[in-house]
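Please read them beside the coordinates.

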Amino acid sequence: MQPPPDEARKNAAQDAQWSRPECQAWTGALLLGTCLLYCARVSMPVCSVSMSQDFGWNKKEAGIVLSSFFWGYCLTQIVGGHLGDRIGGEKVILLSASAWGFITAATPMLAHLGSTHLVFMTFSRILTGLLQGVYFPALTSLLSQKVRESERGFTYSTVGAGSQFGTLVTGAVGSLLLDWYGWQSVFYFSGGLTLLWVCYVYRYLLSEQDLILALGVLAQGLPMSQHTKVPWRQLFRKPSVWAVIFSQLSSACSFFILLSWLPTFFKETFPSSKGWIFNVVPWLVAIPASLFSGFLSDHLISQGYRTITVRKFMQVMGLGLSSIFALCLGHTSSFCKSVVFASASIGLQTFNHSGISVNIQDLAPSCAGFLFGVANTAGALAAPTPASPPGTTPLASHPGTALETACHSAPRSPLLSAGVVGVCLGGYLIETTGSWTSVFNLVAAISSLGLCTFLVFGQAKRVDLSPAHEDL
């Protein structure tokens with residue numbers, strides 16, 4: 001007797017999941033891959049001052065180069081997620097990493113191809129953004145299909161910690177390379193390590209036959225079948241889907257407001273303080289916080305707590321408690337307390353990895369990459385270009401940055417970006433009120449909206465996307 005179709009699909013999905021040794025190997029590899037992703041991403045901000053001096057860029061031109069990364073990054077989120085759902089997220093990640101690793105390593109040569117340095121560097125950043133835009137949607141697709149639901153929180157949080165680790169590595173090692181060997185060495189370092197990582201994954205973790213098959217599918221133009229079409233109508237009629245998208249937008253916006261303005265807050269409020277303390281400590285706290293959030297999430301689920309209860313608890317921590325610590329920043333005059341509050345707020349925001357980020361995988365594993373691409377596109381639109389990593393002196397720490405030009409507001413912005421609504425609104429509030437409290441109030445308001453939406457409409461029950469169950 002044949003099992004029912006739903007049970008057969010469930011058994012097939014379980015058979016496709018990684019064994020524990022495979023999961024451990026891939027988690028370690030993807031953690032390193034995320035670290036290298038951010039190493040390549042922030043190489044340009046690390047080198048922007050030196051490159052501006054060599055090529056004679058003014059602040060506006062440097063801002064164009066730095067902000068151009070997100071011009072490309074916003075365009076490939078949905079495509080990357082859909083490709084991950086179709087051919088496998090690991091293959092999308094490997095192919096894109098090989099391309100962005102090569103471009104990063106070749107950046108010094110591209111810079112000297114002609115006299116139009118600005119054009120070549122802007123183009124390379126757009127292309128890097130296009131290639132890196134597929135990473136996290138493809139990663140979400142991969143983990144949703146290969147990792148058990150009870151282990152997704154820790155796996156995703158561990159892999160996500162690579163973003164903070166990569167930022168710290170580039171801030172520390174990149175600064176030393178910049179001083180010793182010049183800005184070219186930073187690109188060789190990050191790009192070369194990425195290519196070595198690609199070789200390792202290709203040789204030890206990925207089947208050559210599967211990769212060739214994936215390339216063949218891409219070459220044929222991704223023919224669509226009824227089974228592989230994205231169920232737009234069913235998907236976007238679910239309140240839980242819109243809740244997770246809006247919450248992702250809220251978390252991204254609040255995070256990047258803090259990321260953008262905290263360095264300036266400390267510099268202006270505590271001018272005699274040492275910059276490496278407030279630039280490094282929050283990120284050092286964020287790494288173990290991310291790992292702990294994943295462990296706690298999976299532990300609670302294994303103890304019998306409902307999955308949606310755990311996801312919402314993680315968001316209470318990631319959006320709720322973190323915003324309370326952000327509010328505290330506006331009501332203290334102590335440097336030590338401010339560092340503690342900032343570290344707590346940034347660290348707690350990593351709990352989002354075990355909340356809304358994993359909830360996307362709960363809702364629709366078969367098209368989780370596509371759905372995450374939609375949500376992350378919304379978040380990317382709220383995101384500025386990467387900040388200068390901890391321990392470095394950001395170009396935008398000086399007056400007259402591109403953010404000031406774009407927003408007509410904030411002097412001494414810590415980031416170079418263009419048209420970033422949340423960050424620009426923060427700058428406008430600082431200018432009009434003259435108080436940092438208004439910025440932290442904005443963070444709390446945005447976080448609260450996202451949290452309330454997810455608490456009311458969020459669910460972890462898998463959305464049935466079959467045509468027969470369109471009206472659930």
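1. Buried here means under 20% relative accessible area, exposed over 50%, and partly exposed in between (1.4 Å probe, protein chains only). This is a predicted model, in which local features need pLDDT of at least 70 and side-chain atom pairs count only at pLDDT 80 or more, while totals for chains, interfaces and linings use all residues. Residues are numbered from 1 along each chain as its sequence is written, and side-chain values use heavy atoms, without hydrogens and water.

2. Helix H7 covers residues 117–132; helices are DSSP runs (H or I, at least four residues), numbered from the N terminus. Its buried residues are His-117, Met-121, Thr-122, Ser-124, Arg-125, Thr-128, Gly-129, Leu-131 and Gln-132. Among the elements covering them are helices H2 (20–41), H3 (43–55), H4 (59–73), H6 (89–111) and H8 (135–146).

3. The largest nonpolar core has 56 residues, and Leu-30 and Phe-136 touch the most other members. Such a core is a set of buried Ala, Val, Leu, Ile, Met, Phe, Trp, Tyr and Cys residues joined through side-chain atoms within 4.5 Å. H2 gives the most to this core, 8 residues. Apart from it lies another core of 33 residues, including Phe-256, Trp-261, Val-339 and Val-439.

4. Leaving out residues up to four places away in sequence, Phe-136 is in contact (heavy atoms within 4.5 Å) with Thr-34, Leu-37, Tyr-38, Arg-41, Tyr-73, Tyr-156, Phe-372 and Asn-376.

5. The unreviewed UniProt entry lists residues 92–111 and 185–205 among its "transmembrane region" spans; such annotations may be inferred rather than shown by experiment. In the model, residues 92–111 are 100% helix, with end C-alpha atoms 28 Å apart. Residues 185–205 are 95% helix, and their end C-alpha atoms are 29 Å apart.

Definitions and conventions. Helices (H or I, at least four residues) and strands (E, at least two) are DSSP runs, numbered from the N terminus. The expected span of a helix is 1.5 Å times one less than its number of residues.
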